[in-house]
Amino acid sequence: MGFLTDIFKRNSELESLFDLDLLDGITPKEYLKKMVLETNLNFIGRTISQSEFRIMQGKKRIKDDWDYILNVRPNTDQSASDFWQRFIYKLIYDNEVLVVLDDNNNLLIADSFYRVEYATFPDQFKNVVVKDYEFNRTFNMDEVIHLNYNNEKLSTFLNKMFADYSELFTRMIEVQKMSNQVRGTVEMEANQELNEANKKKLQDFIDKLFNSFKTNIVALVPLMKGFKYNELAKGDVNGKSVEELNKIKRDLTNDVANILGIPTSLVHGDMAEYETAIKAFIKFCIAPLLKKIQDELNAKIISKHDYTNGKQIKVFGIAEMNPLEVATAVDKLRASGVYNGNEIRVKLGDEPVDNPLLEEYVITKNYERTKGGEEGNEKND
């Protein structure tokens, strides 16, 4: 058996032929974790990348350099949608994200950095690396855009659960492969001298046999004199279904989606209760993230003096209502005098316009109330 040991070492494929890989243990599949995270994080990232960032002075929008940077081209290599999608991915995956502004007014997402924390002074960021470039300078907290996701539950889940599920997933794949595996033995006449030449002949024959089975539907392999191939067992074509593998992936995807606040029906493209799922997604997942981003941009881009005088950054485009879908509700809000025209425009994601009529609060006759027994009607101001 000594020469067979040498042959097995020289051809790793034969280890799986005789299930010798079972002795080596199982390495968890990182792609399972990557797949689940990509599905959920990119779903959130694509949603927020559709946002529009407006610099407002009171009720009027200001078009300046920051408007262009935030909505069109944050840096020379990324569009605004690509930038915000990667921004959200790193924020959730790494639990924090750091964005620095270089000397050319490019917003750059840091790949790595070292944070120095202080009790009474602004924290500092050193060794900031973007792609392959490391900044020599130190950035203060008031010079950067920095957000924490603060989801301890997600971090704990990723660290403790994926290892177990990955090992199970790997084992199920191995079992599925073995259930359809073809096994055999190769015999060699005893009167053959076990020299290097014969070992090479045996190795070449095994390689040819294996490749024929692997690459051809119908495999015909000529037998060499002194060698004989015996098939031990054919694969069980009625083995376990791959549905069990898909179920593990779906369950993991659902668990991460629930932690992030994404309705699972949206992740899987289910149309049942679509409108309800969308509203829940925006309210419990997207809106809190947009609030974090909006607060950080206002703190770092808008000065305290300008903010107190009505200048601020607002995010639009995701949480606003579709005017065609809520036309009846809009009519009632306007006709009852609860909102004026421009206030309704803002709620729908549109900018106020300079029209005095839209600044008025009006009440239609349907909402006028009769006072006591008087014949006239009195409007509510």
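1. Two strands count as paired here if DSSP finds at least two bridges between them. That matters for the hairpin of β1 and β2, which has two residues between its strands. In this hairpin, Gly-58 takes a positive phi near 70°. Please keep in mind throughout that the model is predicted.

2. Strand β1 covers residues 52–57, and strand β2 covers residues 60–62. Three bridges connect β1 and β2, in the antiparallel sense. Gln-57 has Lys-60 of β2 as its bridge partner.

3. Strand β12 spans residues 311–316. Six bridges join β12 to β1, and the two run antiparallel. Two positions can be checked by eye. Met-56 has Gln-312 as its bridge partner in β12. Arg-54 stands opposite Lys-314, also in β12.

4. The sheet as a whole. In general, strands of a sheet pair through backbone hydrogen bonds, either parallel or antiparallel. In this model, three strands form an open sheet with antiparallel pairing, in the order β2-β1-β12. Strands β2 and β12 stand at the edges and each has a single partner strand, so one side of each lacks a neighbour in the sheet. From one strand to the next, the twist averages 50°.

5. Phe-316, in strand β12. Is this residue buried or exposed? Phe-316 is buried, because its relative accessible area is 8%, and the cut-off for buried is under 20%. Leaving aside neighbours within four places in sequence, Phe-316 is in contact with Ser-51, Glu-52, Arg-54, Val-346 and Gly-349. Phe-316 and Arg-54 are 262 residues apart along the chain, yet their C-alpha atoms are separated by 7.6 Å.

6. The helix over the sheet. Helix α10 is made of residues 274–301 and lies across β1 and β12. Relative to β12, α10 runs at about 155°.

7. Asn-298, in helix α10. Asn-298 is buried too, with a relative accessible area of 9%. Which residues does Asn-298 contact, beyond its neighbours within four places in sequence? They are Tyr-307, Gln-312 and Ile-313.

Notes:
Residues numbered from 1 in each chain as written. Predicted model: local features only at pLDDT ≥ 70, side-chain atom pairs only at ≥ 80, totals over all residues. Heavy atoms only, no water. Helix = DSSP H or I, 4+ residues; strand = E, 2+ residues; numbered from the N terminus. Buried < 20%, exposed > 50% of the residue type's maximum accessible area, 1.4 Å probe, protein only. Contact = heavy atoms within 4.5 Å. Axes fitted to C-alpha atoms, helices over the stretch in contact; angles between N-to-C directions.
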